[in-house]
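Reader: I am new to this protein and would like a guided look at the model. May I ask questions as we go?

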Amino acid sequence: MDIEQLWDRLEPETRHWLVDNPGCCILPRTIAAEIKKATGAEFEQDRHGESILSPSDCDFIRRAAELHDARRR
């Protein structure tokens with residue numbers, strides 16, 4: 001899954017959660033479900049229903065969070 005390619009299709013609330021939690025490398029089921037609902041894309045899930053983000057996804061989310069913080073200032 002590539003969050004960067006899906007970013008513009010995500011609901012603002014989902015993007016906001018990701019930006020507010022840039023260190024999170026495991027998506028909660030609720031966030032993974034919101035991403036699927038908005039984009040149709042599915043993350044591979046572990047036995048607990050959580051999805052692990054790739055290193056490139058984590059990097060993109062951190063950059064998005066930094067950009068968001070810079071715009072707030």
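Author: The conversation below goes from the overall fold to single residues.

Author: This is a predicted model, in which local features need pLDDT of at least 70, side-chain atom pairs count only at pLDDT 80 or more, and totals for chains, interfaces and linings use all residues. Residues are numbered from 1 along each chain as its sequence is written, and side-chain values use heavy atoms, with hydrogens and water left out.

Reader: How many helices and strands are there?

Author: The protein has four helices and two strands. Helices (H or I, at least four residues) and strands (E, at least two) are DSSP runs, numbered from the N terminus. Starting from the N terminus, the order of the elements is α-α-β-α-β-α.

Reader: Changing topic: at what angle do helix 2 and helix 4 cross?

Author: Their axes cross at roughly 95° and come within 8 Å. Helix 2 is therefore roughly perpendicular to helix 4. Axes are lines fitted to C-alpha atoms, for helices over the stretch in contact, and angles run from 0 to 180 degrees between N-to-C directions. Angles under 35 degrees count as roughly parallel, over 145 as roughly antiparallel, 65 to 115 as roughly perpendicular and the rest as oblique.

Reader: Which residues meet there?

Author: Leu18, Val19 and Asp20 of helix 2 meet Ile61, Ala64, Ala65, His68 and Arg72 of helix 4. Contact means heavy atoms within 4.5 Å.

Reader: Now Ser51, please. Where does Ser51 lie?

Author: Ser51 lies in strand 2 (residues 51-52), and it counts as buried because its relative accessibility is 0%. Its side chain reaches the backbone oxygen of Glu44 at 3.4 Å. A polar contact is a pair of N or O atoms within 3.5 Å; within protein, one must be able to donate a hydrogen and the other to accept it, and residues adjacent in sequence count only if both atoms are side-chain atoms.

Reader: What does Ser51 touch?

Author: Beyond four places in sequence, Ser51 touches several residues, including Cys25, Ile26, Leu27 and Phe43. Cys25 is in the loop between helix 2 (12-20) and strand 1 (26-27) and is partly exposed, with a relative accessible area of 31%. The C-alpha atoms of Cys25 and Ser51 are separated by 8.4 Å.

Reader: Last one: which residues does Thr39 contact?

Author: Leaving aside neighbours within four places in sequence, Thr39 is in contact with Leu6, Arg9 and Leu10. Thr39 belongs to helix 3 (residues 29-39) and is buried, with a relative accessible area of 14%. A polar atom of the Thr39 side chain lies 2.7 Å from the backbone oxygen of Ile35.

Methods: Buried < 20%, exposed > 50% of the residue type's maximum accessible area, 1.4 Å probe, protein only.
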